[in-house]
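Please look over the sequence and the coordinates together before reading on.

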Amino acid sequence: MTVSVVQFGGSNCDRDAVRALRHLGIDAERRWHEDGLPADPDGIVLPGGFSYGDYLRAGAMAARAPIMAEVREAAEAGVPVLGVCNGAQIGSESGLTPGAFTTNASARFQCEPVHLRVERADTPWTAAYDEGDTIEVPIAHGEGRFEIEADTHEELVDDDRVLFRYCDADGNVTDAANPNGSTDNVAGVLGERETVAVLMPHPERATLPDVATSTDGAGILDAFA
Amino acid sequence: MTEFTATVTVRLKRGVLDPEAETTKRALERLGFELSALRSADRFELDLEAEDAASAEARADEMAERLLANPTIHDYDVAVAER
């Protein structure tokens, strides 16, 4: 198992993701987007950053880079794909997951620890948790407000594809605990397959005990183990 | 072939929060202006050659669909003029 961490121009969490995965005993390597994916990818991370300077919309350019056709193909074949922060924006822009991530309600870049409620524990990304668990993982984004059309939102909820919601330290999903004005406090969602997930918070920044105040994010990356 | 300029205007759907526009509106109010609402939009001007206005418009429309707008949050319109 070698996880490919796709590096676009402007990615800046690619090294962090590789390091966090290796810390968990999972082999990982950075993959420059122009080099494409390996022949049989074992797992894919779309890392955080500011690919293409967030031109047009965050993630819009990277989502249309040729490697994303390979990522979509791998995702459809069941290869685990995780999009984090800018990777989540790329994932939604490319149609891997529903909805869109746009300007925070505060109109500010927000870099802070947040709490997430684990809404599903029966996915590869959340097998380490129990449903309803509260975990602490940091956010660092200016465009993380989850927007989705009403009917698509209804489908998303009916299909139980909301993976994480912003909550307070006690697990209550409230407006006050919603850092960016996301619809329905959504912080992370599943794609059509449960092996595809995107989230705005950074699990790789909540994995290494030497540098993180919380290691609650490790369970998400453990999906690749 | 004729030269056209296709103007694609991309705006947030009504009802989608626009924090940047809100911030801009507040800044105008701080300058003493009175206004009840402010909406912002992105405008793309595409110079292209096409057989006729209809095919120029169709091409610009596809560009909007595939890249310039995100259908989850945006509406857009296309206007074509001979250049």
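This is a predicted model: local features need pLDDT of at least 70, side-chain atom pairs count only at pLDDT 80 or more; totals for chains, interfaces and linings use all residues.

A:Cys85 is located in the loop that runs between β4 (81-84) and α4 (86-93) of chain A. Once its neighbours within four places in sequence are set aside, A:Cys85 has contacts with A:Cys13, A:Gly48, A:Ala140, A:His141, A:Met200 and A:His202.

A:Glu204 belongs to the loop between β11 (196-199) and α6 (218-221) of chain A, and is classed as buried because it has 29 C-beta neighbours inside 10 Å. Leaving aside neighbours within four places in sequence, the contacts of A:Glu204 include A:Cys13, A:Asp16, A:Ala17 and A:Ala20, as well as A:Val84 and A:Leu221.

What share of strand β9 (residues 162-167) of chain A is buried? Six of its six residues are buried, and the strand is mostly covered. Strand β6 (residues 110-118) of chain A runs antiparallel to β9(A) and is joined to it by four bridges, with A:His115 having A:Cys167 as its bridge partner in β9(A). β9(A) also pairs in the antiparallel sense with strand β10 (residues 186-190) of chain A, over three bridges, and here A:Arg165 has A:Val186 as its bridge partner in β10(A).

In soluble globular proteins, nonpolar side chains tend to be buried together. In this model the largest nonpolar core has 68 residues, and those with the most contacts inside it are A:Val45, A:Val81, A:Leu116 and A:Leu199. Not counting residues up to four places away in sequence, A:Leu199 touches A:Val84, A:Ala88, A:Leu163, A:Phe164, A:Ala187 and A:Gly188. A second, separate core of 11 residues includes B:Phe4, B:Ala69, B:Val78 and B:Val80.

Taken as a whole, chain A has six helices and 11 strands, and buried residues make up 56% of its 225 residues. Among its contacts between residues at least 6 apart in sequence, 74% join residues at least 24 apart. The radius of gyration of chain A is 16 Å, which agrees with the value near 17 Å that a compact globule of 225 residues would have. Taken along the principal axes, its C-alpha atoms fill a box of roughly 45 × 35 × 30 Å.

Chain B contains an open sheet of three strands in the order β2-β1-β3, with antiparallel pairing. Its edge strands, each pairing on one side only, are β2 (41-50) and β3 (74-82) of chain B, and the twist averages 20° from one strand to the next. Strand β1 (residues 2-12) of chain B is joined to β2(B) by 10 bridges, and B:Thr9 stands opposite B:Arg43 in β2(B). Helix α2 (residues 53-68) of chain B packs on this sheet and touches β1, β2 and β3 of chain B, with a direction that makes about 35° with that of β1(B).

Technical notes:
Residues are numbered from 1 along each chain as its sequence is written. Chains are lettered from A and ligands numbered from 1 in the order in which they are written. Two strands pair if DSSP finds at least two bridges between them. Helices (H or I, at least four residues) and strands (E, at least two) are DSSP runs, numbered from the N terminus. Axes are lines fitted to C-alpha atoms, for helices over the stretch in contact, and angles run from 0 to 180 degrees between N-to-C directions. Two residues are in contact if their C-beta atoms, placed from the backbone, lie within 7 Å. A nonpolar core is a set of buried Ala, Val, Leu, Ile, Met, Phe, Trp, Tyr and Cys residues joined through C-beta atoms within 7 Å. A residue is buried if 20 or more other C-beta atoms lie within 10 Å of its own, exposed if 12 or fewer, and partly exposed in between; C-beta atoms are placed from the backbone. The radius of gyration is taken over C-alpha atoms; the globule rule is 2.2 Å times the number of residues to the power 0.38.
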